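Hi everyone, thanks for making time for this. Take a moment to look at the picture first, and then I'll walk you through a few spots.

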Amino acid sequence: MSEKRTHSDYLQKAAMYDLLAQFYKYSNPNLHMHYYLKHFKYMNKANYSMRVNTVPIQEEARVRILHTSHDCLDVDIYINGNRMVKSLPFKHISNFLALKSGKYHIDIYPAGNMVDSVLNKRITVESGKSYTLATIDHSKKMRLLVYQNQPEVPANEAKVRFIHLSHDTPEMDIAVKDRDVIFPNVSYKQATEYLGLTPMSVDLETREAGTRNIILSLPKIQFKANETYTVVFLGLTNEKPELEAIILRD
């Protein structure tokens, strides 16, 4: 069985037949055409081989970190031993980090302290995807949740999702003020599906699930065209810091 030919092999064959075609170009038209067609055949094989064997460019993943652990002040975030985010405050989110597809080790420390970590976690990211990593709970039992973002949106439209990250707040209904519920029974750590919207400004509210009791009002939230939003509920219902919503652009 013959060995598999490479791109270079096909180019050498094509060059040889090109020389023969040129040699017979005027003395023997039939042989000129015969060798020219062989040259053309091997050039096509070379081009096909190059396309098949070309390694596709891997688009990097995009990762950002949201700090919602209410009793932990600023944190430093290390990825595979390298500090990637410095002094991230509570309620803040980092810029997107570009990571190649694969597995990563996340370490989180109180800002400026590399002795006692508050969290260690391994994550896996895929090329071309976007993620929000959220710290949750008390610093002594901090966890890191991974949410996949879907930033694509149809032209001239908007979309929004909601994430419940307040550990002492019960299940909630997310509704238009004084009107219908949009997402019922949203529980702690849950992210809703994305909801497509016409660009608008709207008054929203969260209610205790299944009741009309308002937990938090969200007046005059503006959703602009060609934007994707995540609304995150964080803080506490019964203690400090108070429950609030922050709006992120995906």
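Let's start with a quick one: is Arg 249 buried, partly exposed or exposed? Arg 249 is partly exposed, with a relative accessible area of 45%. For those words, buried means under 20% relative accessible area, exposed means over 50%, and partly exposed is in between, with a 1.4 Å probe and protein chains only.

Before going on, some ground rules. This is a predicted model, where local features need pLDDT of at least 70 and side-chain atom pairs count only at pLDDT 80 or more, while totals for chains, interfaces and linings use all residues. Residues are numbered from 1 along each chain as its sequence is written, and side-chain values use heavy atoms, with hydrogens and water left out.

Okay, back to Arg 249. Its salt-bridge partner is Glu 227, and the closest N and O atoms are 3.4 Å apart. By salt bridge I mean a side-chain nitrogen of Lys or Arg within 4 Å of a carboxyl oxygen of Asp or Glu. This pair ties together distant parts of the chain: Glu 227 sits in strand 15 (residues 227-234) and Arg 249 in strand 16 (residues 244-249), 22 residues apart. Strands here are DSSP runs of E, at least two residues, and helices are runs of H or I, at least four, numbered from the N terminus. Glu 227 counts as partly exposed too, at 23% relative accessibility. There's also a network: Arg 64, Arg 161 and Asp 250 are joined by salt bridges that share partners.

How many salt bridges turn up in the whole structure? The search finds nine. One of them pairs Arg 83 with Asp 76, at 3.7 Å from N to O. I like that one for its contrast: Asp 76 is buried, with a relative accessible area of 2%, whereas Arg 83 is partly exposed at 42%. Another joins Lys 129 and Glu 126, at 3.0 Å from N to O. There, Lys 129 is partly exposed at 29%, and Glu 126 is partly exposed at 42%.

Met 33, Tyr 36, Leu 37 and Phe 40 make a nonpolar surface patch of about 400 Å². A patch like that takes residues with over 30% relative accessible area and no salt bridge, with nonpolar side chains (Val, Leu, Ile, Met, Phe, Trp, Tyr) joined within 5 Å, and like charges within 9 Å. The areas come from the Shrake-Rupley method with a 1.4 Å probe; for residues, only the protein chains shown count as cover. Phe 40 lies in helix 2 (residues 29-53), and its relative accessible area is 44%, so Phe 40 counts as partly exposed. Where is Lys 100? Lys 100 lies in the loop between strand 4 (97-99) and strand 5 (102-110). At 60% relative accessibility, Lys 100 counts as exposed. Lys 100 and Val 181 are 81 residues apart in sequence, and their C-alpha atoms are 40 Å apart in space.
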